[in-house]
Amino acid sequence: MFRKEVLNLYYFFITFVILIDQLSKYWIRTHIKVGSSIEIWKGVLNLSHIENSGAAFSSFQGYGRFFVPVAFIVGIMMLKYRREVKNRRLLVDLGTGLLIGGGIGNAIDRILYNQVTDFISFHSNHGILNFADYFINYGLIILLIDLIFNHLLNRRAHKKT
């Protein structure tokens, strides 16, 4: 019973990420002209519509579609990693779900438009990102936390024996 609930949560995370990412990008594309910006929180947050035809930090401009296979390879690796984790944990499902969902979200843009819609611009940060980018980053952080925490627990258990 527990495994089925965890499985359903995993697919919920992936679906949630894709929906939030694609709906937000659709809203930006239909409400803010490319190159325009709307200040949301003075001195902190802008919605700044750009179209990135490359990778992170606008590197490799014009080669967006080349990153689609990379997204699918990483997604397959995450699926394999998730399957191989013993005693599957919620953090593993959350982290891999965020990573896979974010990768799929950006891959959809690259397949349909040959570029990714970016719009979240914090004044303290020099990049303009989208929700998929944040979900990918948070997924990585969650998986690292899970790895460290699980390593410490296993180390502690081995010391007791």
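This is a predicted model: local features need pLDDT of at least 70, side-chain atom pairs count only at pLDDT 80 or more; totals for chains, interfaces and linings use all residues.
**Figure 1. Strands β1 and β2 pair in the antiparallel sense.** Strand β1 covers residues 37-41 and strand β2 covers residues 45-52. Four bridges join them. Two strands count as paired if DSSP finds at least two bridges between them. Residues are numbered from 1 along each chain as its sequence is written, and side-chain values use heavy atoms, with hydrogens and water left out.

**Figure 2. The protein chain holds four helices and three strands.** From the N terminus on, the order is α-β-β-α-α-β-α. Helices (H or I, at least four residues) and strands (E, at least two) are DSSP runs, numbered from the N terminus. The chain has 161 residues, and 38% of them count as buried. Buried means under 20% relative accessible area, exposed means over 50%, and partly exposed lies in between (1.4 Å probe, protein chains only). The chain exposes about 10400 Å². Carbon and sulfur atoms supply 69% of that area. Accessible areas come from the Shrake-Rupley method with a 1.4 Å probe; for residues, only the protein chains shown count as cover. Take the contacts between residues at least 6 apart in sequence: 64% of them join residues at least 24 apart. A contact means heavy atoms within 4.5 Å.

**Figure 3. Salt bridges that share partners join D21, K25, R29 and D109 into one network.** How many salt bridges does a search of the whole structure find? It finds three. A salt bridge is a side-chain nitrogen of Lys or Arg within 4 Å of a carboxyl oxygen of Asp or Glu.

K25 meets D21 in a salt bridge of 2.9 Å, N to O. Both lie in helix α1 (residues 2-31). They are four residues apart, about one turn of the helix. D21 counts as buried because its relative accessibility is 0%. K25 is also at 0% and counts as buried.

The side chain of K25 also meets that of D109, at 3.1 Å, N to O. This pair links distant parts of the chain: K25 is in helix α1, and D109 is in helix α3 (residues 90-113), 84 residues apart. Both K25 and D109 are buried.

D109 and R29 form a salt bridge of 3.9 Å, N to O. Here D109 in helix α3 and R29 in helix α1 are 80 residues apart. Is R29 buried or partly exposed? R29 counts as partly exposed because its relative accessibility is 24%.

**Figure 4. T117 lies in strand β3.** The strand spans residues 116-122. T117 counts as buried because its relative accessibility is 0%. A polar contact of 3.0 Å joins its side chain to that of R29. A polar contact is a pair of N or O atoms within 3.5 Å; within protein, one must be able to donate a hydrogen and the other to accept it, and residues adjacent in sequence count only if both atoms are side-chain atoms. Beyond neighbours within four places in sequence, T117 touches several residues, including K25, R29, D109 and N130.

**Figure 5. N114 has a positive phi without being a glycine.** The angle is about 60°. N114 is found in the loop between α3 and β3. Its relative accessible area is 26%, so N114 is partly exposed.

**Figure 6. The structure holds eight aromatic pairs.** Rings of Phe, Tyr and Trp (its six-membered ring) pair if their centres lie within 6.5 Å; planes under 30 degrees apart count as stacked, over 60 as edge-to-face and the rest as tilted. Y10 is buried, at 0% relative accessible area. Y11 counts as partly exposed, at 44% relative accessibility.

The rings of F119 and F131 have centres 5.8 Å apart and planes at 70°, so this pair is edge-to-face. F119 is in strand β3 and F131 in helix α4 (residues 131-160), twelve residues apart. F119 counts as buried, at 3% relative accessibility. F131 is partly exposed, at 30% relative accessible area. F12, F13, F16, F119, F131 and F135 form one aromatic cluster.
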